[in-house]
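Hi everyone, thanks for making time.

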Amino acid sequence: MPLVKDFPPDLYHLRPGEKPLYGDFPDLKTGVEWFKSLMSEEEWKARRDAQGKRFYQALTGELQDPSGVGRFFENNDRMGWYLFLGESFTDHPWNYEVNFGCRVLPVFAAIGRNLDLLKKIDGFRERCIKVLKSEKAQPNGILFELVVAARYARAGGTVSFRNEKAGLAKSYDLDVDLDGKRWTVECKRIELGEYADKERTRMRELWVPASMQLAMADRNALANITLDIELQDVPDDYLISKAQRFLSAKKASITWSDEIGSGIISDLDLRPIQEAMENSHWLFPGPQYMKLLTGKYIRYDNSLVIQKVKYASNPHYIDDIGLAVVARWECTSERSIEKRARDILNKLAEANEQLPHDVAGVVHIGFEALGTDVVEQRRYEKILSTVQQFDREKSALEYVYCHYFAPEASPEDTWAIDETVQWIGISPTKRPLDKGHVLLPEHAISSRSGVHWIPEPAQQ
């Protein structure tokens with residue numbers, strides 16, 4: 001009998017007298033409710049139910065993702081998934097997925113915080129309807145436009161969205177009049193990338209057969225794996241051989257280091273998480289669960305987990321665990337780092353072509369910093385090199401703002417965001433925004449520049 005058949009009637013709302021598990025977040029609530037108000041109640045219920053069914057079927061393994069990427073949502077309605085997460089955080093928190101939600105909630109909160117300003121901007125409502133309908137599969141671009149528009153409005157600018165007409169070449173996104181000067185603004189949102197998806201898929205291909213051998217031997221194990229070559233070049237049996245060696249060695253752990261990579265496989269003690277489950281069930285996946293299971297929380301953890309568990313009445317929570325095989329992995333290949341670093345040249349060139357040559361232009365490029373510090377440092381270096389050498393040709397491009405978004409769900413914080421901004425003058429005069437942050441509220445904006453992994457100078 002399938003775990004996910006009929007949802008209980010109170011799956012999507014708090015019970016009488018029940019308080020929000022994660023607290024009240026008025027800005028987030030305002031942003032989510034705004035988008036829901038642009039749909040009929042019936043449409044939202046249908047989209048929410050589709051997202052909920054997909055989420056729980058993927059969570060329990062009843063639905064295998066044919067793409068091999070392992071997503072909890074359908075690509076054809078990513079905006080519906082975002083709203084599902086945004087609503088669940090305050091209204092039905094047992095459905096909230098913490099690892100993806102921390103990437104979405106700051107955007108809705110920024111829109112909600114600035115909604116009164118945004119409603120005054122020509123074209124705002126139309127953009128929101130577009131992201132709910134024709135662009136629902138790829139909402140990140142328009143959502144980024146909305147928070148950039150809010151930032152210029154907050155700075156005192158008069159802002160309007162450009163009307164897009166079918167059959168005509170793509171234009172820039174915003175007209176802005178600020179401090180007596182007119183600016184044309186183009187926004188580009190860089191996605192995580194096909195290469196990163198391929199790496200995750202290949203790692204599953206390498207590790208799942210190895211982990212199944214450990215599971216069938218009833219061996220709780222934790223593997224920490226570093227690969228020094230591209231995953232596509234790792235032999236199919238590389239990790240299987242390590243698992244077989246661990247099983248035959250009859251030791252608490254084995255280590256290895258060779259021309260392909262290095263690592264350690266060791267026995268995993270389940271007693272800490274089993275003792276915790278004696279008093280409560282635990283949300284999975286989640287940072288607190290992984291810390292209990294492995295003994296350590298790792299930011300932007302790349303992990304694969306096979307486990308034998310007893311679900312709670314809601315299968316988003318686990319009541320008991322009898323077996324676990326966990327792998328944490330990273331790839332330090334120079335070629336891999338280069339490919340994941342994602343040079344922004346193509347996006348910048350595309351944005352530049354959409355700017356006119358008779359009005360000062362600004363380009364905002366946003367992307368998530370979800371890699372290790374090595375990857376982010378390399379990307380930072382490539383961005384600076386690319387932009388500093390960029391030829392704007394006939395356009396009037398003056399400034400480029402690069403927005404690094406570093407969302408995180410940790411054992412201490414259900415969701416948090418660090419945003420740092422690097423601006424580069426192409427043909428500089430006076431830059432339109434002294435601080436270009438678009439997601440952080442004013443009181444949270446740091447005065448430091450650069451990227452999020454560079455520590456602030458110690459106070460004297």
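**Salt bridges and helix packing**

Let's start with lysine 36 and glutamate 87, whose side chains meet in a salt bridge, 2.6 Å from N to O. Before I go on, please keep in mind that this is a predicted model. Now, where do those two residues sit? Are they buried or exposed? Both lysine 36 and glutamate 87 are buried.

Glu33, Lys36, Arg48 and Glu87 are linked in a network of salt bridges. For the whole model, the count comes to 28 salt bridges.

Let me pick out another one. The side chains of arginine 54 and glutamate 74 form a salt bridge at 3.0 Å, N to O. Arginine 54 lies in helix H2, residues 41–60, and glutamate 74 is in the loop between H2 and H3, so this bridge ties together parts that are 20 residues apart in sequence. Arginine 54 is buried, at 8% relative accessible area. Glutamate 74, with 37%, is partly exposed.

Here's one more, this time between strands. Glutamate 368 and arginine 189 meet through their side chains in a salt bridge of 3.5 Å, N to O. Glutamate 368 belongs to strand S10, residues 361–368, and arginine 189 to strand S3, residues 181–189, so parts that are 179 residues apart in sequence are tied together by this pair. What about burial? Glutamate 368 is buried with a relative accessible area of 8%, and arginine 189 is buried with 15%.

OK, on to the helices. Two packed helices are described by the angle between their axes and the distance between the axes. Take H1, residues 26–37, and H4, residues 98–113: their axes come within 6 Å and cross at roughly 85 degrees. That makes H1 roughly perpendicular to H4. Which residues make the contact? From H1 we have Asp27, Leu28, Thr30, Gly31, Val32 and Phe35, and from H4 Leu105, Phe108, Ala109, Ile111, Gly112 and Arg113.

H4 also packs with H3, at an angle of about 85 degrees and with the axes 9 Å apart. Since angles of 65 to 115 degrees count as roughly perpendicular, H3 and H4 are therefore roughly perpendicular to each other. On the H3 side the residues include Trp81, Tyr82 and Phe89, and on the H4 side they include Phe100, Val104 and Leu105.

Last stop: isoleucine 306, which you'll find in strand S8, residues 303–311. At 24% relative accessibility, isoleucine 306 counts as partly exposed. Beyond its neighbours within four places in sequence, isoleucine 306 is in contact with Ser211, Met212, Leu323, Ala324 and Val325.

Methionine 216 is in helix H8, residues 194–216, and is exposed, with a relative accessible area of 66%.

That's my tour, so over to you.

Note on methods:
Residues numbered from 1 in each chain as written. Predicted model: local features only at pLDDT ≥ 70, side-chain atom pairs only at ≥ 80, totals over all residues. Heavy atoms only, no water. Helix = DSSP H or I, 4+ residues; strand = E, 2+ residues; numbered from the N terminus. Buried < 20%, exposed > 50% of the residue type's maximum accessible area, 1.4 Å probe, protein only. Axes fitted to C-alpha atoms, helices over the stretch in contact; angles between N-to-C directions. Parallel < 35°, antiparallel > 145°, perpendicular 65-115°, else oblique. Contact = heavy atoms within 4.5 Å. Salt bridge = Lys/Arg side-chain N within 4 Å of Asp/Glu carboxyl O.
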